[in-house]
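Subject: Structure for you to take over

Hello,

I am passing this structure on to you. My notes on it follow below.

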Amino acid sequence: VFPGAGPSFQSRGNGFTNALGGGGGSDIDAALAYAEAHGAGTRFALIVSSEEEAADSVVAGDRVAAMGGFTGRETVLAPSYLARLVASGAARYFLLGGSSGPGFGFGTTNATVSKVESVCTAVDSSAWSGGTGATLYDCTGKASALDS
């Protein structure tokens with residue numbers, strides 16, 4: 001949506017990150033819509049595992065953030081920081097896994113992802129799913145457990 005920009009910057013799903021195999025897609029769109037309709041965090045409606053995955057949504061102006069580096073393997077946000085975001089109401093929903101993640105085959109396992117997966121509650125996929133196997137987690141009331 002930048003005047004004069006080529007098609008790679010006009011909409012989510014057609015951007016640079018999708019050319020590399022990841023980026024915004026149906027899972028992020030579906031999870032974001034669910035989060036916004038069900039009490040999304042005040043600062044971040046949705047947090048995903050990697051910067052590459054979040055890029056198109058961020059460029060589009062959505063309240064999406066990444067908790068890992070470009071590939072998602074690097075821990076950028078520590079569980080203690082996420083615990084503070086959840087405790088303050090700034091964040092609630094996390095989208096992890098599935099084919100919406102990085103397309104380079106690096107995977108998305110890091111300490112923070114593991115903590116969210118083990119502590120937070122998975123939202124039933126029939127309530128939101130974009131269809132590629134990602135899991136949406138609701139971390140309401142889990143701040144203390146995230147920080148432990």
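Aspartate 138 counts as buried, at 14% relative accessibility; buried means under 20% relative accessible area, exposed over 50%, and partly exposed in between, with a 1.4 Å probe and protein chains only. This is a predicted model, in which local features need pLDDT of at least 70 and side-chain atom pairs count only at pLDDT 80 or more, while totals for chains, interfaces and linings use all residues. Residues are numbered from 1 along each chain as its sequence is written, and side-chain values use heavy atoms, with hydrogens and water left out.

Aspartate 138 forms a salt bridge with arginine 92, and the closest N and O atoms are 2.8 Å apart. A salt bridge here is a side-chain nitrogen of Lys or Arg within 4 Å of a carboxyl oxygen of Asp or Glu. Arginine 92 lies in the loop between helix 4 (79-88) and strand 3, and aspartate 138 lies in strand 5, so the pair ties together parts that are 46 residues apart in sequence. Helices (H or I, at least four residues) and strands (E, at least two) are DSSP runs, numbered from the N terminus. Arginine 92 is partly exposed, with a relative accessible area of 22%. A search of the whole structure finds one salt bridge.

The loop between helix 4 and strand 3 also holds glycine 89, which is partly exposed at 29% relative accessibility. Leaving aside residues up to four places away in sequence, glycine 89 touches Gly41 and Thr42, where contact means heavy atoms within 4.5 Å. The C-alpha atoms of glycine 89 and threonine 42 are separated by 6.1 Å, and the two residues are 47 residues apart along the chain.

Strand 1 (residues 46-48) and strand 3 run parallel and are joined by two bridges. Valine 48 stands opposite leucine 95 in strand 3.

Which cysteines form a disulfide? They are cysteine 120 and cysteine 139, with sulfur atoms 2.0 Å apart; a disulfide is a pair of cysteine sulfur atoms within 2.5 Å. Cysteine 120 lies in the loop between helix 5 and strand 4, and cysteine 139 in the loop between strand 5 and helix 6 (143-147), so the pair ties together parts that are 19 residues apart in sequence. The link is right-handed, with 105 degrees about the S-S bond. Cysteine 120 is buried at 8% relative accessibility, and cysteine 139 is buried at 0%.

Last, the structure holds one aromatic pair. Tyrosine 34 and tyrosine 93 are edge-to-face, 5.8 Å centre to centre with 90 degrees between the planes. Rings of Phe, Tyr and Trp (its six-membered ring) pair if their centres lie within 6.5 Å; planes under 30 degrees apart count as stacked, over 60 as edge-to-face and the rest as tilted. Both tyrosine 34 and tyrosine 93 are buried.

Regards

Definitions and conventions. Two strands pair if DSSP finds at least two bridges between them.
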